[in-house]
Amino acid sequence: MVPRSRGFVPFGMGLFLYVKLERRLIVEEKLKELKERAISKINEADSMAILEKARVHYLGKKGELTKILRGMGALSAEERPLIGKIANIVRENIENTLEEAKKAIKDRELEKKLQSEAIDVTMPGKKIRTGRRHPLTQAMDDLKKIFISMGFEVAEGPEVETVYYNFDALNAPQNHPSRDMSDTFYINENVILRTQTSPVQVRVMEKTKPPIRIVSLGRCFRNDTPDATHSPMFHQIEGLVVDKGITMGDLKGTLEVFAKHFFGPDTQMKFRPHNFPFTEPSAEVDATCFKCGGTGCSVCKGVGWIEVLGAGMVHPNVLKNCGIDPEIYSGFAFGMGIDRLTMQKYGIDDIRILFENDMRFINQF
Ligand code: DAH
């Protein structure tokens, strides 16, 4: 029988237990130290970026906590769950601290933002500058109102127009001087900037069956060198009425109502024979000067009349070009330059100032 040494066995077991206890304590100690370091680092952080860095450093896949847990392999099967539990608590503690720190930083950032965006209600306000309707816009609004009150509708057409609509369909002969490059802006052989609002007549008649009663207002373009009375861009209003039995009397009546509303109730009108390719007969129409009433002044250059518009009975060829039978229907048309009328009305002596957008000018109206 081998005598059992009483002293050796307990000592051996004790060492064994001691070493095991030691290992566990070391891991526990490491975890505790890690927790404290992590928490103090997190509490010092003053930005989201630093927090994120700390999270990766302590809790990330390659972080410190993982490294410690990897070392658990040396522990026994009973020890591992114990250490696992502690590790989970450490992880939880660090995560909670991270969450709180995140919230604190967010709150601080919001506070900062609110402070920087705070409105000082004692500061003097900024002056809001109200604009004004341009005198041309006012004139166009007045014109629309007058014609709408007579049952007209407002039609629109393109400013970049084809030669067909601007000249051909309007019965302009091939050699008409206005077709010349020196008078018209050509984009190519067939496309131009419209020189008049008259092409809108054609576009409307092509699409609409009579009765037709429209006005169309807008920009026109001619190859003119700017001076006090010429601008390469200017404005016109076009009128067109087509129905059964329309006569020159209707034209005169309509224009008279317009003139009395626009220039004043005592205005008289005068028709002078003229020639336009798209009307037959054609007339130029003058009105008694709205400034002097016909006695002569600087606005009418002493003659008592101002030239207001061109007009006439729609040429049968134009009706035909638009698919309207001139044996059944007739119509009248008129066209008027808006810029010149506006200048006369307000005593503006240079057309160019209308397009300079100088507030000192516009604010006078
Ligand atoms: N389009 C002509 C021009 O620019 C004005 C004009 C005259 C228009 C007679 C008309 C009209 O509709 O019938 O000079």
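**Notes on the ligand site and the sheet around it**

1. Start at the ligand: a polar side-chain atom of Q236 sits 2.9 Å from one of the ligand's oxygen atoms. That is a polar contact, meaning a pair of N or O atoms within 3.5 Å; within protein, one must be able to donate a hydrogen and the other to accept it, and residues adjacent in sequence count only if both atoms are side-chain atoms. Taken alone, the ligand exposes 350 Å², and the protein buries 89% of that (accessible areas by the Shrake-Rupley method with a 1.4 Å probe; for residues, only the protein chains shown count as cover).

2. Before going on, a word on the model. It is predicted, so local features need pLDDT of at least 70 and side-chain atom pairs count only at pLDDT 80 or more, while totals for chains, interfaces and linings use all residues. Residues are numbered from 1 along each chain as its sequence is written, and side-chain values use heavy atoms, with hydrogens and water left out.

3. Who else is around the ligand? The shell holds 15 residues, and the closest are Q196, S198, R222, Q236 and E238 (near means a heavy atom within 4 Å). By type, the shell splits into five nonpolar, eight polar and two charged residues; here Ala, Val, Leu, Ile, Met, Phe, Trp, Tyr, Cys and Pro count as nonpolar, Asp, Glu, Lys and Arg as charged, and the others, Gly among them, as polar.

4. Now the sheet. Seven strands make an open sheet in the order β1-β4-β5-β9-β8-β7-β6, with mixed pairing. Strands (E, at least two residues) and helices (H or I, at least four) are DSSP runs numbered from the N terminus, and two strands pair if DSSP finds at least two bridges between them. β1 (153-154) and β6 (269-276) are the edge strands with a single partner each, so one side of each has no neighbour in the sheet.

5. Two of the pairings are worth a look. β8 and β9 run antiparallel over five bridges, and L309 has M336 of β9 as its bridge partner. β6 and β7 (279-288) are also antiparallel, over seven bridges; they form a hairpin with two residues between them, and H274 stands opposite S282 in β7.

6. Most residues other than glycine have a negative phi, and most peptide bonds are trans. The P210 to P211 bond is cis, with omega near 5°, and P211 is in the loop between α7 and β4. E280 and P281 are also joined by a cis bond, omega about -5°, with P281 in strand β7. N171 has a positive phi, near 70°, and lies in the loop between α6 (163-166) and β3 (191-193).
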